[in-house]
Amino acid sequence: MTNSVVDAPPARVPAELTPQRGRWHRVRPFLPLVALVVLAILPYSTISLPGIFEGPVNSPGTLQLLAICLIFGGLAAGYDLLFGRTGMLSFGHALYFAAGVYGTDILVTRAGLPLWQAALLTVVGGTILAALLGAVALRTVGIAFAMVTLAFAQVGAILVARDFGGLTGGEEGLPLDVSGLPAALVGVTNTVNLYWLALAYLALVVFVVHRVSGSPTGRVLAGLRDDERRIGVLGLDPYRYKLVAFTLAGGLASAGGVVYCLIVGGASPHITSSELTLSLLVMVVLGGPGTRWGPVLGGVLYMYLDHRLTAFGTSDAVDSLPAVLSHPLSQPLFVLGTVFILAVYFFPGGLTSLAPRLAHLRRTLRTRR
């Protein structure tokens, strides 16, 4: 009697590890382009959303709010290049954003330069500033690095508040001289152009961060986040790669400051405070650090709530509530803090973890049936 050898059947790959080739996964790569087109044509819409916006979507006030949300969505994505993708906790990122705002305002208002020259010099100057300060701060690690970046930011805030050289306007801020700006960027009727400029900035930041993350440099940055010593063992210089990420993030923040200066029509000292960097940190954690769209969603949602909750806190609906409810609800920071705590508790991975959780829940329900 001969023993026959029967080949074992091929191992089945778990369903969750099998790449899906369905219709959704064929369409998914085009969704960012679709979202960009929708946002680009949004100013042509006259839809009114009571309770969400104060006026129609194409009204100047709504477009300005959306533009600010887009700016901070880009800022959060740039900050995530440091925090979520490289693992560097910086408390001074607002300094480079403020450099973009004040640099543009000073060069246009005080020096009388054309906008394109002022914007170019500001972005280059902000990038160089990030490289110089990063070269010093990155000599430290961990909490020491965070404290050094905070110290640099505080120096910048003090210089702005004390009206260094008579350039910043001190605590009153510095209004932007619109006489030197292109006519297409001046006036309430041209708010739509500023909105498109903010959208272009967001698209640029997402594109740059995505390309860097998918490159060999991005893989090294991810390795630095996970285990810096392992990168050193491979013969790579962690300091050099971290400086590249720090400089790039600072340059992107400076570019955002240029657009923000045009949208709000000037510069004010509050953008130099460390609270802005803490807000960026909250945006990234709220959306999902280290993800492609999480920081953008977190930045947009945070700034929308920050602006809308101010109006909500002074509304008649809140005033009519008992004092035990009206007082806390009239404070936007209280409501924002509550939303953030609930989001972190129920969605530890940020807003981007919501979709996988829902998909897992649907699969569980189907299995039980």
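## Reading salt bridges and surface in a predicted model

Visitor: Which residue does Arg85 pair with in a salt bridge, and how far apart are the closest N and O atoms?

Guide: A salt bridge is read from a distance, with a side-chain nitrogen of Lys or Arg within 4 Å of a carboxyl oxygen of Asp or Glu. Here the partner of Arg85 is Asp80, and the closest N and O atoms are 3.4 Å apart. Asp80 is buried as well, with a relative accessible area of 1%.

Visitor: How many salt bridges does the rule give?

Guide: The count comes to 6 salt bridges. One of them joins the side chains of Arg308 and Glu54, with 3.4 Å from N to O. This pair links distant parts of the chain, 254 residues apart, since Arg308 sits in helix H12 (residues 294–313) while Glu54 is in the loop between helix H2 (31–41) and helix H3 (60–86).

Visitor: Which side of that pair is buried, and which is exposed?

Guide: Arg308 is buried, at a relative accessible area of 18%, whereas Glu54 counts as exposed, at 71% relative accessibility.

Visitor: What do the side chains of Asp226 and Arg225 form?

Guide: Asp226 and Arg225 meet in a salt bridge of 3.3 Å, N to O. Asp226 counts as exposed at 60% relative accessibility, and Arg225 is partly exposed, with a relative accessible area of 37%. Salt bridges can also join up, as they do for Asp227, Arg229 and Arg230, which are linked in a network.

Visitor: Turning from charge to nonpolar side chains, which residues make a nonpolar surface patch?

Guide: Leu33, Leu36, Val37, Ile41 and Tyr44 make a nonpolar surface patch of about 510 Å². Leu33 has its place in helix H2 and is exposed, because its relative accessible area is 53% and the cut-off for exposed is over 50%.

Visitor: Which residues does UniProt list under "transmembrane region"?

Guide: The UniProt record, an unreviewed entry, lists several spans under that name, including residues 30–53, 65–82 and 94–113. An annotation of this kind can be set beside the model. Over residues 65–82, the chain is 100% helix and 0% strand, with the end C-alpha atoms 26 Å apart. For residues 94–113, the span is 85% helix and 0% strand, and the end C-alpha atoms lie 25 Å apart.

Conventions. Residues numbered from 1 in each chain as written. Predicted model: local features only at pLDDT ≥ 70, side-chain atom pairs only at ≥ 80, totals over all residues. Heavy atoms only, no water. Helix = DSSP H or I, 4+ residues; strand = E, 2+ residues; numbered from the N terminus. Buried < 20%, exposed > 50% of the residue type's maximum accessible area, 1.4 Å probe, protein only. Patch = residues over 30% accessible without salt bridge, like charges linked within 9 Å, V, L, I, M, F, W, Y side chains within 5 Å. Areas by Shrake-Rupley, 256 points an atom, 1.4 Å probe, with all protein chains shown as cover. UniProt positions renumbered as here; feature names shortened; annotations may be inferred.
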